[in-house]
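Dear colleague,

Please find the structure below, together with its sequence. My notes on selected contacts follow directly after it.

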Amino acid sequence: MKTHFDVLVVGAGHAGCEAALAAGRLGARVLVLSMSLEVVAAMSCNPAIGGLGKGHLVKEIDALGGEMGLNADATAIQFRQLNTRKGAAVQSSRCQSDKYEYARRMKSVLEKQGNIFLKQQTVEELLISGDKVRGVRTHFGEEFDSDAVILTTGTFMNGLLHVGLKNNKGGRAGEGASFGLSKSLESLGFHIYRFKTGTPARLDGKTIDYSQCTVQWGDPYSIPFSFLNSEITREQQPCYITWTTEQTHEIIRKNLDKSPLYQGIIQSRGPRYCPSIEDKVVRFADRNRHQIFLEPMGLYTNEIYINGVSTSLPVDVQIQFLRSIPGLKDVEVTRPGYAVEYDYLDPTQLKPSLETKNIQGLYFAGQINGTSGYEEAAAQGLIAGINAARQCQKKPSFVLGRDEAYIGVMIDDLVTKGVDEPYRMLTSRAEYRLLLREGNADLRLTEKGRNIGLVDDKRWSVFNQKQKILDRARTYMDEIKLYPTERTNEVLTKKGTQAIKKMTSLKEILRRPELSFYNLMSLTEWTGPSVDQQIAREIEIEMKFEGYILKQQEQIQKFKKMENTQIPDSFPFQKIPGFSKEVSEKFEKVRPTSVGQASRISGVTPAALMNLVVYLKRYQARSHQFFSL
């Protein structure tokens, strides 16, 4: 018996959930195939959402109508704002989540979406007709037909788990791996590589002496991830900080001969920004301690995640070095740490829509593209789900630019530059990060989400109300003037700023770093609607950084002229004279869709780019009939 679906999603991790929900909410009939329906949206590593750069992705997913932000808000047990001592552009949100509530709620959301169906099966083979995907075959031999397939395989393709010098097949502790899909992809001409990632041990909280650790509470005022939420009312839980010791490092150094990382058993590259404790001890030999965090895995469990000591050392060594850490003298390990190697595909084989270049209707999202992190996976899943549904509906692809979203930065990095290590989103990757702030993600993206049909009436109403308040407050700040009265200058000097000597607009005064929006409102008679902290913060940033914002907007206009110069699919890069062999090969591999994308390919020189522009103009002038060489 065969059943036809519009979109078929392989995998039910963070990428798979967002992909399925996006496609389903856009009207597609969706099937989700997962190796286990017990681990939908599982938090394989740290039970937390957000972080530096990652928080921006979560806000953008939410602004477009995705689910991760809502799920994080509903299941968070601690909120913190990171980088608060730095500029607004690089400040990010992070929440500690209840691992089990997070997965349960996300699965429930999937199941309640009427046109999404979940089945527990392992996909072994892609079914292709010509150059178009037509479905999949599972390990039971059952076939499912679909117009589009999204692969979100996480770490399960040819997954291999390592603890000490022993290894076994699996994509996550206690779960199996997928072995047929890699062969199927390879037979279709895809280039497949290996990465590794790791996770630390989990600890029994009853056996931890927290008096030896430093308590770390969340922020007194929690800024939600979702723009639909004005506040977080759940009770917040503490985390704890402790440190490795010289004894910890000595134990690790003495046992490196038992580490698969240092015995050549694991040869795959791991994440630069989340190294194992073995790597930290070896690479930073001058450091006599490393900070680690003890983070609860949920409200109804004693298990603790120990952030900062990812490891693949043998279990007995793990216990030994953990017990050398203050507060962990008598600790018991509930689950040992391990490393996992897995297959990923070169993301330069993808279009910016995340559709593969050589198989129509086939999309990749998440760790299969060489990324790391729940947030990176979810953002890719959202875009892949949108575009798979739009392709079924004969609509053009939805692509975000580098000047529009961190999602656009990430996908452009992947499909243009590829990866040689697991890709992690960082604020430093975004050249227009002052414009791509967390707090204005809805102002940047919600209208786009509405236009494609993903933003519902409730979200649209909340967004329009925020816009009205912002517009009224901006006008008020621009038009209302303060006079140098005794009361006004007394308030200003108490806030640590100079008194005014002449009539001055609120906007001009707010540019002073010492003052907040609420400081100035106390000096005037604002009769508009209530302005919450998030809106007030947005107004402050817009006015304090107005000059810098205008400068970046000018840069974007120059950038767009080059970015909007499209390169036809049929453009014969190999026939252009004057390119080095390296440049020709890279152009052929990536096949950039615009001059802007071509300029970001590693190794493409300004001279090569100029040569490309010259011949592109000739090619376009001859209506794609190539010139004689």
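Glu404 and Lys448 form a salt bridge (a side-chain nitrogen of Lys or Arg within 4 Å of a carboxyl oxygen of Asp or Glu), with their closest N and O atoms 2.8 Å apart. This pair links distant parts of the chain, 44 residues apart: Glu404 lies in the loop between helix H9 (374-392) and helix H10 (406-417), and Lys448 in helix H11 (residues 441-452). Helices here are DSSP runs of H or I with at least four residues, numbered from the N terminus. Glu404 is partly exposed at 22% relative accessibility, and Lys448 is partly exposed at 27%; buried means under 20% relative accessible area, exposed over 50%, and partly exposed in between (1.4 Å probe, protein chains only).

Please note that this is a predicted model, in which local features need pLDDT of at least 70 and side-chain atom pairs count only at pLDDT 80 or more, whereas totals for chains, interfaces and linings use all residues. Residues are numbered from 1 along each chain as its sequence is written, and side-chain values use heavy atoms, with hydrogens and water left out.

A second salt bridge joins Lys507 and Glu546 at 3.0 Å, N to O. Lys507 belongs to helix H14 (residues 506-510) and Glu546 to helix H17 (residues 546-563), 39 residues apart. Lys507 is buried at 18% relative accessibility, whereas Glu546 is partly exposed at 25%.

Arg137 and Glu143 also meet in a salt bridge, at 2.5 Å from N to O. In total, the structure holds 39 salt bridges. A network of them links Arg402, Asp412, Asp413, Lys417, Glu431 and Arg600.

Yours sincerely

Technical notes
Helix = DSSP H or I, 4+ residues; strand = E, 2+ residues; numbered from the N terminus.
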